[in-house]
Amino acid sequence: QQFEQDRAAVVEALDKVLEKDNCEMLTKLSAYQLQSLYEKVEMRYFSDGDVLLKEGESDPHEVMLLYRGQVVVRKKGTDISRLERFELVGDHAVAFKDQATTLVAEGSVEMLTFSKSLLEDIFGEELQEVLS
């Protein structure tokens with residue numbers, strides 16, 4: 001029953017993201033690609049101070065989208081911005097194998113998480129172009 005509740009929360013979150021239509025990576029997916037996305041996307045939960053992605057990390061294995069909460073973006077230890085709701089992060093790092101900033105949760109945060117393998121299944125050889 002917990003699994004079903006978790007899946008329902010992920011589906012609801014993904015529905016809201018698609019409804020807002022402001023995540024370019026997801027706007028042009030076919031029905032088949034959307035089905036695969038719904039089946040494999042996950043929600044990750046972070047607490048205050050948790051590091052989501054670390055500057056300089058090479059070859060990250062996921063792209064995340066801010067669903068709920070506040071995330072601080074830091075470069076060389078200095079806060080430079082905050083993520084907007086439904087903003088995609090880690091996309092540059094997955095495409096170019098280099099994470100340019102550190103992302104830190106400010107309070108509790110919920111992130112939709114797309115594994116690199118899921119994105120490769122959906123976009124194939126076009127993945128780097130889609131993420132750049």
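**Close-up 1. The buried side of helix α1.** In this predicted model, R7, V10, A13, L14 and V17 are the residues of α1 that are buried. They sit on the same side of α1, because together they cover an arc of only 125° around its axis.

**Close-up 2. The surroundings and length of α1.** What do the buried residues of α1 pack against? Their partners are α2 (24-27), α3 (31-40), β1 (42-46), β3 (62-75) and β6 (102-115). The helix itself takes in residues 2-20, and its 19 residues should span 27 Å at 1.5 Å a residue. The C-alpha atoms at its ends are 27 Å apart, which agrees with that expectation. Just after α1 comes D21, with a positive phi of about 55°.

**Close-up 3. Helices α1 and α3 side by side.** The axes of α1 and α3 are 9 Å apart, and the two helices pack at an angle of about 140°. They are therefore oblique to each other. On the α1 side, the contact uses R7, V11, L14, D15 and L18, and these meet L34, L37, Y38, E39 and K40 in α3. Sorted by class, this contact of α1 with α3 has six nonpolar and four charged residues, with no polar ones.

**Close-up 4. The two sides of α3.** Which residues of α3 are buried? They are Q33, S36 and L37. Seen down the axis of α3, these buried residues fall within an arc of 100°, so they line one face of the helix. A31, Y32 and E39 are exposed on the other side of α3. The buried residues of α3 pack against α1, α2, β6 and α5.

**Close-up 5. Helix α3 meets helix α5.** Helix α5 covers residues 116-123, and its axis comes within 10 Å of the axis of α3, crossing at roughly 170°. The two helices are therefore roughly antiparallel to each other. To find the contact, look for Q33, S36, L37 and K40 of α3 and for L118, D121 and I122 of α5. By class, the contact of α3 with α5 has three nonpolar, two polar and two charged residues.

Close-up 6. M25 belongs to helix α2. Is M25 buried or exposed? With a relative accessibility of 7%, M25 counts as buried, because the cut-off for buried is under 20%. Leaving aside neighbours within four places in sequence, M25 is in contact with L88, F114, L119, F123, V130 and L131. M25 and L127 are 102 residues apart along the chain, yet their C-alpha atoms are separated by 9.6 Å.

**Close-up 7. E110 in strand β6.** Here we move to a charged residue, E110, which is found in strand β6. E110 counts as buried, at 18% relative accessibility. What is E110 in contact with, leaving aside its neighbours within four places in sequence? The residues to look for are M43, R44, Y45, L65, L66, Y67 and R68.

**Close-up 8. Two loop residues with positive phi.** K76 lies in the loop between β3 and β4 (78-82). Although K76 is not a glycine, it has a positive phi of about 50°. K76 is exposed, and its relative accessible area is 69%. F86 is found in the loop between β4 and β5 (88-89). F86 is not a glycine either, and has a positive phi of about 70°. At 6% relative accessibility, F86 counts as buried.

**Close-up 9. P60 in the loop between β2 and β3.** P60 has its place in the loop that runs between β2 (51-53) and β3. With 4% relative accessibility, P60 counts as buried. Where in space is S115 relative to P60? The two are 9.4 Å apart, C-alpha to C-alpha, and 55 residues apart in sequence.

Note on methods: Residues numbered from 1 in each chain as written. Predicted model: local features only at pLDDT ≥ 70, side-chain atom pairs only at ≥ 80, totals over all residues. Heavy atoms only, no water. Helix = DSSP H or I, 4+ residues; strand = E, 2+ residues; numbered from the N terminus. Expected span 1.5 Å × (residues − 1). Buried < 20%, exposed > 50% of the residue type's maximum accessible area, 1.4 Å probe, protein only. Arc of directions from axis to C-beta. Contact = heavy atoms within 4.5 Å. Axes fitted to C-alpha atoms, helices over the stretch in contact; angles between N-to-C directions. Parallel < 35°, antiparallel > 145°, perpendicular 65-115°, else oblique.
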